[in-house]
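The following note sets out some points for a first reading of this model. Please consult the sequence and the structure alongside the text.

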Amino acid sequence: TWGTYNLACFWALEGDHGKALELLSRAVELGFADRSISADPDLASLQGDPGFEALKQKVLERLRD
């Protein structure tokens with residue numbers, strides 16, 4: 001999952017938010033569960049995007065379970 005997450009960070013930094021969200025979604029689907037998604041500066045450009053916010057919530061819920 002970390003490889004997919006890291007690729008998502010790359011695409012977010014490159015400005016391709018669609019690709020970044022696609023890869024983050026895949027990472028979460030594969031079981032990614034780390035609080036870093038909330039504060040990772042590489043993902044700062046995605047903050048506020050509804051899709052990104054939903055993925056963050058999924059990860060945080062997974063960590064609570």
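1. Along the sequence, the protein chain follows the pattern α-α-α-α. The chain has four helices and zero strands; helices (H or I, at least four residues) and strands (E, at least two) are DSSP runs, numbered from the N terminus. The model is predicted: local features need pLDDT of at least 70, side-chain atom pairs count only at pLDDT 80 or more, and totals for chains, interfaces and linings use all residues. Residues are numbered from 1 along each chain as its sequence is written, and side-chain values use heavy atoms, leaving out hydrogens and water.

2. The C-alpha atoms of the protein chain fill a box of roughly 35 × 25 × 15 Å, taken along the principal axes.

3. Helix α2 (residues 17–29) packs with helix α4 (residues 50–64) at an angle of about 15 degrees, their axes being 10 Å apart. Axes are lines fitted to C-alpha atoms, for helices over the stretch in contact, and angles run from 0 to 180 degrees between N-to-C directions. That makes α2 roughly parallel to α4 (angles under 35 degrees).

4. In this packing, L21, L24, S25 and V28 of α2 meet G51, F52, L55, K58, V59 and R62 of α4, where contact means heavy atoms within 4.5 Å.

5. T4 is found in helix α1 (residues 2–14). Is T4 buried or exposed? T4 counts as buried because its relative accessibility is 17%; buried means under 20% relative accessible area (1.4 Å probe, protein chains only). Not counting residues up to four places away in sequence, T4 touches L23, R26, A27 and L30.

6. Of the 65 residues in the protein chain, buried residues make up 32%.

How values were computed. Parallel < 35°, antiparallel > 145°, perpendicular 65-115°, else oblique. Buried < 20%, exposed > 50% of the residue type's maximum accessible area, 1.4 Å probe, protein only.
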